[in-house]
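Here's a short tour for anyone meeting this structure for the first time. Have a look at the sequence and the 3D view, then read on.

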Amino acid sequence: MIAELRKQLETEAAEEDNVQASIKLSLLFPKIFQKTKQEEEKTAMYGKVVLSFIFVLLLVFSYSIFIGTLDIRSYFFPRLKLPAAAPAPCAPEPPLRVFMYDLPRRFNVGMIDRRSASETPVTVEDWPAWPVNWGLKKQHSVEYWMMGSLLNAGEGREAVRVSDPELAQAFFVPFFSSLSFNTHGHTMKDPATQIDRQLQVDLMELLKKSKYWQRSGGRDHVFPMTHPNAFRFLRGQLNESIQVVVDFGRYPRGMSNLNKDVVSPYVHVVDSFTDDEPQDPYESRSTLLFFRGRTYRKDVCLTESWLKEQCVS
């Protein structure tokens, strides 16, 4: 009993000595104890910053997985990677609605089938085939194929013919001006040239009576004129219209230009090479033919002053 009491008294004395020693040390070395406290506070602050950073990182990581920008499954489980979904196809644009004038046959297919004296507009049922022996005339036959395409327009076409002009977005004038030049005195000195001129005069008189021509001044009317001398007598009256041409070699910029006209390729008149599927087409061919993009037309009297005189007359 006495031994236990003695031991307890010695323990309390030792603890009291430690407290007194700590007090003495803090009084003797206050800067050391202050510095230690600051370091503890700084360590605690760094810990809070690290924990905050980890929390934000986990938040961003979880959100990326949620919205699908991070595919963690394909990284850790590559066999579970889903195939990429095919992009949805673009909705097809509606076809261009075109009204085609019902012209007498002398303006178009009457120049192909001269045995027929009918003046009723051609239909898909009596549409004549292009003559196989016409040679280079086919080169400027875009007008024939454009008209035939509208007559046979069906589903899947980029342009369809409408019978109501009020619904039309464009107006196609089926005058075979290139074929007219090649048929009616293409030497420009033949008296038959007057037939070509008269067809142009009659056509313009007919169009100018149309309220749809008057409404737009012909700006929404399409004229195929792929031959450089097509519609040569009254072409100046079509400055505002859409012309289908192959180049602008003989006409002023104010008459034909890329702002309103369409450049069409020549119709292919050479037989196609059917056996044209070599494994390496570039190595199997020793000659390269290409179009350099510039033509020099023969000099003709299609000046602006001459055109003005023709329009006035």
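This is a predicted model: local features need pLDDT of at least 70, side-chain atom pairs count only at pLDDT 80 or more; totals for chains, interfaces and linings use all residues.

## The big picture

Let's start with a term: a residue is buried when its relative accessible area is under 20%, exposed when that is over 50%, and partly exposed in between, using a 1.4 Å probe on protein chains only. Residues are numbered from 1 along each chain as its sequence is written, and side-chain values use heavy atoms, with hydrogens and water left out.

The protein chain has 9 helices and 6 strands. These are DSSP runs numbered from the N terminus, with helices being H or I over at least four residues and strands being E over at least two. As for contacts (heavy atoms within 4.5 Å), take those between residues at least 6 apart in sequence: 58% of them join residues at least 24 apart.

A nonpolar core is a set of buried Ala, Val, Leu, Ile, Met, Phe, Trp, Tyr and Cys residues joined through side-chain atoms within 4.5 Å. In soluble globular proteins, nonpolar side chains tend to be buried together. Here the largest core has 41 residues, and Phe 176 and Leu 203 touch the most other members. The elements giving two or more residues to this core are β1 (96-100), α4 (142-151), β3 (170-172), α6, α7 (211-216) and β4 (221-224). The largest share, 5 residues, comes from α4. Beyond its neighbours within four places in sequence, Phe 176 is in contact with a list of residues that includes Phe 107, Trp 127, Tyr 144 and Met 147.

The buried ones are Val 142, Glu 143, Tyr 144, Met 147, Gly 148, Leu 150 and Leu 151. Their cover includes β1, β2 (159-161), β3, α5 (177-183), β4 and β5.

## Helix α6, one side in

Buried in α6 are Thr 193, Asp 196, Arg 197, Leu 199, Gln 200, Leu 203, Met 204 and Leu 207. They lie on the same side of α6, because they cover an arc of only 155° around the axis. (The arc is that of the directions from the helix axis to the C-beta atoms.)

## Pocket and cavities

On a 1 Å grid over the protein atoms alone, a cavity is a set of points where a 1.4 Å probe fits but cannot get out; a pocket is an open set with protein on both sides within 12 Å along at least five of seven lines, and lining residues have an atom within 4 Å of a point. Grid points are joined across faces, edges and corners, and a volume is the space filled by probe spheres set on the points.

The largest pocket holds about 420 Å³ of space. It is lined by 19 residues, with Met 146, Leu 150, Ala 159, Phe 172 and Val 222 closest to its centre. Helix α4 gives the most to this lining, with 5 residues. There are also 3 cavities of 30 Å³ or more, and the largest cavity has about 60 Å³ of space. Of its 12 lining residues, Thr 226, His 227, Pro 228, Asp 247 and Tyr 251 lie nearest the centre.

## A few residues up close

The C-alpha atoms of Arg 97 and Gln 169 are separated by 5.3 Å, although the two are 72 residues apart along the chain. Arg 97 is partly exposed at 35%, and Gln 169, in the loop between β2 and β3, is partly exposed at 41%.

Phe 231 is in the loop between β4 and β5. With 1% relative accessibility, Phe 231 counts as buried, and its phi is near 55°, a positive value in a residue other than glycine.
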